[in-house]
Amino acid sequence: IGTKEKPVAVRLEKIKINRGKFPQTGDDNCAAVFMRHASPIELRNVEVTGNGKGCGVSIRECAKVRLERLNIHDMTWAPLLGDNVFE
């Protein structure tokens with residue numbers, strides 16, 4: 001996480017992130033990779049898998065983003081506390 005005035009550079013290559021085996025962990029603001037106010041961003045050969053709440057990759061208020069071979073798979077969705085999934 002950088003700032004609007006001073007973004008950080010991010011470069012990830014050949015990374016595998018396993019978010020664990022428990023879908024009850026995490027929350028709606030969790031991500032395996034969370035980037036905000038970053039520039040430039042380069043993700044190459046990045047894999048995200050596993051259970052847990054939240055998303056695989058979160059890119060917010062960033063610029064100059066390049067994604068190559070991003071593989072997000074086999075993640076289990078689970079409701080958050082307070083979610084009424086039956087409405």
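1. In this predicted model, the side chains of Arg-44 and Glu-68 meet in a salt bridge, with N and O 3.4 Å apart. Because Arg-44 lies in strand S3, which covers residues 38-49, and Glu-68 lies in strand S5, the pair ties together parts of the chain that are 24 residues apart in sequence. As a general point, side chains of opposite charge can pair when their charged atoms come close.

2. Glu-68 counts as buried because its relative accessibility is 18%, and buried means under 20%. Arg-44, with a relative accessible area of 22%, is partly exposed.

3. Glu-68 also forms a salt bridge with Arg-69, where the closest N and O atoms are 3.8 Å apart, and Arg-69 is exposed, with a relative accessible area of 56%. Through salt bridges that share partners, Glu-42, Arg-44, Arg-66, Glu-68 and Arg-69 are joined into one network.

4. How many salt bridges does the structure hold? There are 6, and one of them brings together the side chains of Glu-13 and Arg-11, at 2.5 Å from N to O. In that pair, Glu-13 counts as partly exposed at 33% relative accessibility, whereas Arg-11 is exposed at 61%.

5. Turning to the chain as a whole, the reader will find 0 helices and 5 strands, so that the pattern read along the sequence is β-β-β-β-β. Of the 87 residues, 25% are buried. Among contacts with a separation of 6 or more, 74% are between residues 24 or more positions apart.

6. The protein chain exposes about 6,100 Å², and carbon and sulfur atoms supply 51% of that area. A nonpolar surface patch of about 360 Å² is made by Ile-59, Val-65, Leu-67, Leu-70 and Ile-72, and its largest share, 4 residues, comes from S5. Ile-72, one of the patch residues, is placed in strand S5 and counts as partly exposed at 40% relative accessibility.

7. Met-75 deserves a separate look, since this residue is placed in the segment after strand S5, which spans 65-72, and is partly exposed, with a relative accessible area of 28%. Leaving aside residues up to four places away in sequence, Met-75 touches Arg-19, Val-48, Thr-49, Gly-50, Asn-51, Gly-54, Cys-55 and Gly-56. The C-alpha atoms of Met-75 and Gly-56 are separated by 8.3 Å, although these residues stand 19 residues apart along the chain.

Notes:
Residues numbered from 1 in each chain as written. Predicted model: local features only at pLDDT ≥ 70, side-chain atom pairs only at ≥ 80, totals over all residues. Heavy atoms only, no water. Helix = DSSP H or I, 4+ residues; strand = E, 2+ residues; numbered from the N terminus. Buried < 20%, exposed > 50% of the residue type's maximum accessible area, 1.4 Å probe, protein only. Contact = heavy atoms within 4.5 Å. Areas by Shrake-Rupley, 256 points an atom, 1.4 Å probe, with all protein chains shown as cover. Patch = residues over 30% accessible without salt bridge, like charges linked within 9 Å, V, L, I, M, F, W, Y side chains within 5 Å. Salt bridge = Lys/Arg side-chain N within 4 Å of Asp/Glu carboxyl O.
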